[in-house]
Every structure is written in structure tokens, then in C-alpha cells.
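Please read the following report beside the sequence and the coordinates. It moves from the aromatic pairs to the cores, and then to the chain as a whole.

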Amino acid sequence: MAIYFIEGVSAPVVGYNFEKSVAALPVLCPKKVAVLAGGFFCTQLPPGVLEDPRSEFSPEEQKALQGYVGKEIIWMEENSPELFTKEQLMAILKHEEAHIINGDLVGATDVVDDLDAEMAADAYAAKMVDKKAMKFALMKAVWHIVKRTSVRGKFGKIIEFLSIIGSGDIKQRLDALRK
């Protein structure tokens, strides 16, 4: 894991490797308090997690994050910077930051999956960075999830992707970003 303090983002960003970190996710999110996206989410850093061997923090990372125990941090899959333009990446980080600013994690006991909270975070990211960047970042994040989780062939994945962005919450979020 790596820790980034990115100019313009109010919370530290921790890079993780999805395949290596699956076992550690219950440690990182013991109450499943997370606002999820394709390779990005934010949580409060729980007490004891830095010392837990399943969390994979080196002694240097433990020291760097010590002051953030009990505070919100943003998690970013390590290969995410390669998947998005700089502007799209900043839009996603601002989206996650909005969940912190808006208090979406306060009192949550499970995964926060609220359309209003997601749309408010999208709007914040669009205002702080760019509406078009947020829209394309959201579509790329969905495609990333489909590629990782779908057992279908290439054509099936494309159909699944089009189905997801063409209906439900994702469609509503994309429509709001088009206005």
C-alpha cells in the first residue's frame, strides 16, 4: 500500500491492490462503512487497523497514518491512475471527498448506497473539477467493475455495461451530469 497526500484533496489517499487486499477489507472496513465506486471508496480509519497484519501497512505507513485513526481517508486502487485522465481522477477523488464533507459516513452501519448522496457527491466533483470529467470517470469506473466481475465474454461485458449505464441509479447520475 502507498499513501498519497494530494494537493487539493482534504483527506489522505491510500493506494491498495484489490487482489492482495480482499482479505484485508473486513479489517479496513470492519462495519462495512464505505461509499464504494470502481476502485475508490472512503472510510474512517478504525482504531487498531494499522497494527493488524492483515491490513498490510508497513511501519513507515503506520507512522504516516497514525494521526488519521478515527478520521476519514480515501482508498484508491493502485492501478486507477492508469485508467483515468488526471482530470477524471481528480473528479473521482473530489467525489469521495464530498462524501466526507457531506457527512455520508456519520452513523452509517453498512455500505452507504444512497442515490441522493451519490448525486450530491457527483455534483460537488463536477463543480470542483469538471462535469464532463465526472461523467466519463463514472462510466469508466462502471466499465472497470464490469471487466473485473463479469464472467461473460467481451460482447457480453459490453452489453452488461450498456445495461448498467442505461438504467437505474447510474443512468440517473449520468443524466444529472448532462444537465
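## Aromatic pairs

Phenylalanine 161 counts as buried because its relative accessibility is 15%, where buried means under 20% relative accessible area, exposed means over 50% and partly exposed lies in between, with a 1.4 Å probe and protein chains only. The model is a predicted one, in which local features need pLDDT of at least 70 and side-chain atom pairs count only at pLDDT 80 or more, while totals for chains, interfaces and linings use all residues. Residues are numbered from 1 along each chain as its sequence is written, and side-chain values use heavy atoms, with hydrogens and water left out.

A search of the whole structure finds two aromatic pairs, a pair being rings of Phe, Tyr and Trp (its six-membered ring) whose centres lie within 6.5 Å, with planes under 30 degrees apart counted as stacked, over 60 as edge-to-face and the rest as tilted. Phenylalanine 5 and tyrosine 68 form a tilted pair, 6.0 Å centre to centre with 35 degrees between the planes; phenylalanine 5 lies in the loop between β1 (2-4) and β2 (13-16), and tyrosine 68, 63 residues apart from it, in the loop between α3 (59-65) and β5. Phenylalanine 5 counts as exposed at 51% relative accessibility, whereas tyrosine 68 counts as partly exposed at 25%. Tryptophan 143 and phenylalanine 161 form an edge-to-face pair, with 5.5 Å between the centres and 80 degrees between the planes, and this pair links helix α7 to helix α8 (residues 154-165) across 18 residues of sequence. Tryptophan 143 is partly exposed, at 27% relative accessibility.

## Nonpolar cores

A nonpolar core is a set of buried Ala, Val, Leu, Ile, Met, Phe, Trp, Tyr and Cys residues joined through side-chain atoms within 4.5 Å. The largest such core has 15 residues, of which Val13, Phe40, Ile74, Phe84, Leu89 and Leu93 touch the most other members. At least two residues each come from β4 (40-44), β5 (72-77), α5 (86-101) and α7 (131-149), and α5 gives the most, with four residues.

Valine 13 has contacts (heavy atoms within 4.5 Å) with Ala2, Ile3, Tyr4, Ile6, Ile74, Met76 and Leu93, not counting residues up to four places away in sequence. A second, separate core of 14 residues includes Ala126, Met134, Met139 and Val142.

## Serine 80

Serine 80 is found in helix α4 (residues 80-83) and is buried, with a relative accessible area of 0%. Not counting residues up to four places away in sequence, serine 80 touches Gly39 and Phe40; glycine 39 is 41 residues from serine 80 in sequence, yet the two C-alpha atoms are 6.8 Å apart in space.

## Chain and confidence

The protein chain has nine helices and five strands, where helices (H or I, at least four residues) and strands (E, at least two) are DSSP runs numbered from the N terminus. Of its 179 residues, 45% count as buried, and among contacts between residues at least 6 apart in sequence, 67% join residues at least 24 apart.

The chain averages a pLDDT (the predictor's confidence in each residue, from 0 to 100) of 81, and 84% of the residues score at least 70. Confidence is highest in helix α6 (residues 115-128), at a mean of 94, and lowest in strand β3 (residues 35-37), at 41. Over residues 31-37 pLDDT stays under 50, and the model has 29 contacts beyond four places in sequence for this stretch.
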